[in-house]
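Visitor: I'm new to reading structures, and I'd like to know where the labels come from. Could you take me through a few of them?

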Amino acid sequence: MSPHVLILGGTTEARELAAALTACPGTRVTTSLAGRVSRPGAVAGDLRVGGFGGAEGLAAWLRERRVDAMVDATHPFAGTISANAARAATAAGVPLVVLRRPGWRPGPGDRWHPAPSPEAAAGLLPRLGHRVFLTTGRLGLAAFAHLTETRFVVRSVEPPGPPLPAHTHVLLARGPFTVAGETALLREHRIDVLVTKDSGGAATSAKLTAARDLGLPVVVVRRPPLPDGVAAVDDVPAALRRLDALRPH
């Protein structure tokens with residue numbers, strides 16, 4: 001029977017890995033998406049959308065579908081999914097590979113203010129600026145809703161739902177973005193502080209360069225830790241090597 005690999009997806013790296021694996025003769029690939037984006041991009045191999053019902057439901061799915069290896073290639077901030085994946089892999093006896101793009105690192109001229117959570121990021125804003133470019137995603141905006149004196153420009157792939165800050169201008173857009181475009185946006189809206197999650201990758205990093213060039217402070221929400229005992233690889237070739245090493249088992 002051909003090996004079956006389950007990819008917990010939603011990232012560029014997940015799509016690239018699915019394409020690479022489906023190009024291997026005899027390998028069956030299923031990519032699972034949480035369903036938070038209404039129009040996901042094309043994915044090679046089989047696709048399923050929706051939750052599994054927690055770690056127990058995922059473990060049952062792994063057994064029923066006879067999955068030989070699972071790759072957690074979800075967003076770096078999908079902490080609940082990653083925790084469930086680790087528990088399910090152990091319960092079902094399925095090898096787990098975690099694929100995480102490297103996080104961003106500050107360079108010369110950066111004015112970064114790390115924060116452990118969106119709530120902590122919101123607490124830093126009153127002393128840093130009053131016109132905020134908020135790029136933490138549509139699901140974490142409630143943490144900023146109490147800042148009634150602050151004006152926000154919120155960028156999101158999908159329209160955000162309530163609660164929103166009182167003064168919010170929403171921009172619907174999907175990366176990649178350019179430094180020139182980000183610089184123009186920051187100037188147009190007279191932004192004086194940027195808030196972002198440490199998502200990593202090149203598609204949305206241009207805003208950091210633009211903020212550095214304009215001398216703006218940046219509040220960076222740190223990633224949640226990986227589950228205990230789990231180590232990650234940071235690119236698709238490394239994930240392929242890890243999966244190949246698992247093949248004899």
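Visitor: What is the bridge partner of M70 in β5?
Guide: In this predicted model, M70 is bridged to L96 in β5. Another pair to look at is D72, which stands opposite V98 in β5.

Visitor: What makes β4 and β5 a pair?
Guide: Pairing takes at least two bridges between the strands, and β4 and β5 have three, so they count as a pair. They run parallel. To get from β4 to β5, the chain goes through helix α3 (residues 79–92), and this β-α-β crossover is right-handed.

Visitor: How do you know that β5 also pairs with β12?
Guide: Try the cut-off again: at least two bridges are needed. β5 and β12 (residues 232–233) are joined by two bridges, so that passes. They run parallel too, and L99 has V233 in β12 as its bridge partner.

Visitor: Why are β3 and β12 called edge strands?
Guide: Look at the order of the open, six-stranded sheet, which is β3-β2-β1-β4-β5-β12, with parallel pairing. β3 (46–49) and β12 each pair on one side only.

Visitor: What does α1 touch on the sheet?
Guide: α1 packs on the sheet with contacts to β1, β2, β4 and β5, and its direction makes about 165° with that of β1. Helix α2 (residues 54–64) lies across β1, β2, β3 and β4, running at about 155° to β1.

Visitor: Which residues of α1 are buried?
Guide: In α1 (residues 12–22) they are E13, A14, L17, A18 and L21.

Visitor: How do you know that they line one face of the helix?
Guide: Look down the axis of α1: the buried residues fall within an arc of 135°, so they line one face.

Visitor: Why is T136 called buried?
Guide: Buried means under 20% relative accessible area. T136 has 5%, so it is buried.

Visitor: Where is T136, then?
Guide: T136 is in the loop between β7 (131–135) and β8 (151–156).

Visitor: And what does T136 touch?
Guide: Leaving out residues up to four places away in sequence, T136 touches L141, F144, V195, T196 and K197.

Notes:
Residues are numbered from 1 along each chain as its sequence is written. This is a predicted model: local features need pLDDT of at least 70, side-chain atom pairs count only at pLDDT 80 or more; totals for chains, interfaces and linings use all residues. Side-chain values use heavy atoms; hydrogens and water are left out. Helices (H or I, at least four residues) and strands (E, at least two) are DSSP runs, numbered from the N terminus. Buried means under 20% relative accessible area, exposed over 50%, partly exposed in between (1.4 Å probe, protein chains only). Contact means heavy atoms within 4.5 Å. The arc is that of the directions from the helix axis to the C-beta atoms. A crossover is right-handed if, with the strands pointing away from the viewer, the path from the first strand over the helix to the second runs clockwise. Axes are lines fitted to C-alpha atoms, for helices over the stretch in contact, and angles run from 0 to 180 degrees between N-to-C directions.
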